[in-house]
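Dear colleague,

Please find the structure we spoke of below, with its sequence.

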Amino acid sequence: MLEWVSLTWLQAVVLAVVQGLTEFLPVSSSGHLRIVSQLFFSADAGASFTAVTQIGTELAVVIYFFGDIARLVTTWFRGMVNAEVRRTRDYRLAWYVIVGSIPIGILGFFFQDLIRGALRSLWITATTLIVFGLLLGLAERYGPQLRRQAELRLSDGVLMGLAQSLALVPGVSRSGGTITAGLSLGLDRPTAVRFSFLLAIPAVFAAGLLELGHVFDPGGPGLQPSGPQMLVATILAGAVGYICIAWLLRYVEKHSVYLFVWWRVIVGLAVYVLLTFGVLQA
């Protein structure tokens with residue numbers, strides 16, 4: 001049974017960097033945090049630590065896409081009273097983000113105990129890394145990738161939102177799930193990635209705020225951070241995440257996602273081996 005263990009500053013910094021590096025890449029930040037914390041610190045970082053540091057990475061999204069977000073929010077409110085605005089692409093896109101955020105919110109609320117407990121098994125993490133990595137590869141290989149952002153539909157928001165909800169299981173990857181769904185639906189890579197970022201904002205902020213009450217709870221499992229450690233980790237994760245956003249958007253314009261597929265499969269297989277030989281404990 002997992003117990004609270006005091007978090008050191010080194011652990012806080014390392015885990016924050018891992019969170020920032022992996023949050024936006026389709027490799028699963030929660031899965032990598034689970035693996036790194038267990039492999040190097042012999043303890044689980046905890047679902048609450050993961051969720052709260054994600055607030056930092058989502059702030060990076062808000063800063064990076066501030067112009068787009070401000071335009072969408074303004075247009076959405078204007079559309080409430082203006083029929084002409086309701087016919088615009090930005091108004092529809094704002095609704096796609098809202099509707100797509102609903103599935104993960106509902107499932108996250110009703111299954112939060114399971115998410116913080118049994119689903120954090122490293123056997124599950126290794127399996128989902130491999131399986132969903134292969135699904136990402138299949139989507140890259142067979143997805144037509146013909147539609148751009150102007151051609152997004154409500155069904156894209158719903159289906160990518162459902163895919164995002166699978167990321168409640170460590171190893172699936174929120175961005176990996178949504179990008180896989182987007183490519184499968186015919187979106188091109190840049191569109192799938194950008195919409196994935198926008199879709200994450202409501203869900204991740206809500207999850208982080210919900211978990212604030214648990215992160216300092218000495219009755220729950222995981223590494224126990226102090227207030228200053230949590231603050232520094234969140235800011236650091238956001239700074240690293242901002243750099244990763246800029247890099248990933250440039251990368252997917254000219255490259256496939258196979259790099260991430262191979263990474264997921266290799267890490268998943270390595271975790272299987274380490275678990276088998278007792279180096280890691282599930």
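The notes below concern salt bridges and then one serine.

This is a predicted model, in which local features need pLDDT of at least 70 and side-chain atom pairs count only at pLDDT 80 or more, while totals for chains, interfaces and linings use all residues. Residues are numbered from 1 along each chain as its sequence is written, and side-chain values use heavy atoms, with hydrogens and water left out.

The whole structure holds seven salt bridges (a side-chain nitrogen of Lys or Arg within 4 Å of a carboxyl oxygen of Asp or Glu). One of them joins Glu23 to Arg174, with the closest N and O atoms 3.7 Å apart; Glu23 sits in the loop between α1 and α2 and Arg174 in helix α9 (residues 174-184), 151 residues apart (helices being DSSP runs of H or I, at least four residues, numbered from the N terminus). Glu23 is buried at a relative accessible area of 3%, as is Arg174 at 9% (buried means under 20% relative accessible area, exposed over 50% and partly exposed in between, with a 1.4 Å probe and protein chains only).

Glu140 and Arg189 also form a salt bridge, at 2.7 Å between the closest N and O atoms, and both residues are buried.

Ser28, in the loop between α1 (9-22) and α2 (29-41), is buried at 1% relative accessibility, and its side chain reaches the backbone nitrogen of Gly31 at 2.9 Å.

Methods
Helix = DSSP H or I, 4+ residues; strand = E, 2+ residues; numbered from the N terminus. Polar contact = N/O pair within 3.5 Å; in protein donor to acceptor, adjacent residues only side chain to side chain.
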